[in-house]
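Subject: Structure for you to look at

Hello,

Here is the structure I promised to hand over.

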Amino acid sequence: MTSPWIRTVAGSAIPALKLFCLPHAGGNAGLYRGWREHLSQDIELNLICYPGRLERWQQPIPTSMPELVREVAQAIASRLDEPWAIFGHSMGAVVAHETVLALQKEGLPSPRLLAVSAREAPQFHQPGTLHHQDDKALCDELLRLDGTDPELLAVTEMRELILPTMRADYALIEQWQLSSTQPLSCPIAAFVGNEDPEFESQQAEGWARWTTSHFTLDRFRGGHFYFSGEPQPLISQLQARLRKTHA
């Protein structure tokens, strides 16, 4: 079964669990490059591919968070024949949470775990206006978060590729409103960098209120993109959290 929304990087032929991973605002599936070699072979890695980037760069980006969530949920819903989990980084954490809410509303199987990375809990979300600002403001934000090579942003052609996607994604997240206050039945695991400039520690701890199951918070050395250079520590802890949900 193929979908433009999902790129599967299989391990063993018959997975024990499907893991769906969602990128940050302006990001793409390349964020999870190298994850396959660190994951257990019985975990099937599924990368969510948003329009407007990589091989989908000519396709329009959804203009609202509900539209994006609806498309992601539909793509995932057709693949829930095995236990599953979902991991979202930054804006991807919001999309992941909203996707689980949407699937839960349809009575579909809950994930074994919702994993949220580098994102404050929904009650701390503040609307923003960065998507209305000029290109310099967008570049300054990318540099502040340390997620983009400054040399790329110095090249006009690269800025013209990077900034429209980032602006469109920031419009989604800055105008997003939580679709439901209903807590999830699945566990939530939060992962953050201890030098992330985006939020305070207690704002990550606030994810505890969004589950009727258990909550964990793990901190790692680094900033907003704490795992981009070396994903193994995060993946090891993520797999440990997954094992505990199955115990």
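**A glutamate in helix 5**

E174 is in helix 5, residues 156–174. Helices here are DSSP runs of H or I with at least four residues, strands are runs of E with at least two, and both are numbered from the N terminus.

Before the rest, the ground rules. This is a predicted model, in which local features need pLDDT of at least 70, side-chain atom pairs count only at pLDDT 80 or more, and totals for chains, interfaces and linings use all residues. Residues are numbered from 1 along each chain as its sequence is written, and side-chain values use heavy atoms, with hydrogens and water left out.

Back to E174. This residue is buried but has no salt bridge. Buried means under 20% relative accessible area, exposed means over 50%, and partly exposed is in between (1.4 Å probe, protein chains only). A salt bridge needs a side-chain nitrogen of Lys or Arg within 4 Å of a carboxyl oxygen of Asp or Glu. The nearest side chain of opposite charge is R167, 8.3 Å away. For charge, Lys and Arg count as positive and Asp and Glu as negative; His and the chain ends are not counted.

What does the side chain of E174 join in a polar contact? The partner is the side chain of H131, at 2.5 Å. A polar contact is a pair of N or O atoms within 3.5 Å; within protein, one must be able to donate a hydrogen and the other to accept it, and residues adjacent in sequence count only if both atoms are side-chain atoms. Leaving out residues up to four places away in sequence, E174 touches H125, P127, G128, T129, L130 and H131. Contact means heavy atoms within 4.5 Å.

**Helix 2**

Helix 2 covers residues 91–105. Of its 15 residues, 13 are buried, so the helix is largely enclosed by the rest of the structure. G107 follows helix 2 and has a positive phi, near 75°.

Most residues other than glycine have a negative phi. S90 has a positive one, near 60°. S90 sits in the loop between strand 4 (84–89) and helix 2. At 12% relative accessibility, S90 is buried.

L54 also has a positive phi, about 50°. Its place is the loop between strand 3 (43–48) and helix 1 (65–77). L54 is partly exposed, at 40% relative accessible area.

Best wishes

Terms used: Expected span 1.5 Å × (residues − 1).
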